[in-house]
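Hi,

Here is the structure I promised to pass on. Have a look at it first, and my notes follow below.

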Amino acid sequence: MPKFRIITGGPSRYKEEIARFWREYLPGTPPERFDWMRTNPAGPAIWFFAIEEKTSTLAGTISLMPKDMLVDGSPVRACIMGDYMIGGRYRVFGPALDLQKAVTKDFSNLGFRFIYTVPNQASIKIIERMGFVEMMRLRTLIKPVKALPYLKKYVNPTLARFAAPVA
């Protein structure tokens, strides 16, 4: 059975693997997201990587994206857990829980008061198994800086270009 080590740090070393994971496990994630995550106004994403010890292969990832929020009118430093991806051949060997344990152990040491996630159907069971529970409903208001990638998800690409010519 493979063994894994969990490391944190800059994602540049794993950029190609992250892009491949996005294509395979989170389709529709634009490659430009990688650079955006490094220039997030609330701070760059913090990545956790599960590395198979024997081969030094990337087996899985989780990112923590800093977010400054208002909770009951008070500012709170939080983070959203995302990019939770486990390589197909490693899904039965345990790096999924190892990654989550590392994140839940370290997030407060990284300066966050709380961590939250918006799981997809494929990850909801493991998120619940790790102890995440619904505590509140969040409302996020955003203004896309570039509208074209968002429009292309929902309408014909030609129509999207017409609707957002400067995007």
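Of the chain's contacts (heavy atoms within 4.5 Å) between residues at least 6 apart in sequence, 59% join residues at least 24 apart. Bear in mind that this is a predicted model, where local features need pLDDT of at least 70, side-chain atom pairs count only at pLDDT 80 or more, and totals for chains, interfaces and linings use all residues. Residues are numbered from 1 along each chain as its sequence is written, and side-chain values use heavy atoms, with hydrogens and water left out.

The chain has six helices and five strands (DSSP runs numbered from the N terminus: H or I of at least four residues for helices, E of at least two for strands). Starting at the N terminus, their order is β-α-α-β-β-β-α-β-α-α-α.

Buried residues account for 35% of the 167 in the chain; buried means under 20% relative accessible area, exposed over 50%, and partly exposed in between, with a 1.4 Å probe and protein chains only.

N40 counts as buried because its relative accessibility is 12%. Leaving out residues up to four places away in sequence, N40 touches M65 and P66.

Cheers
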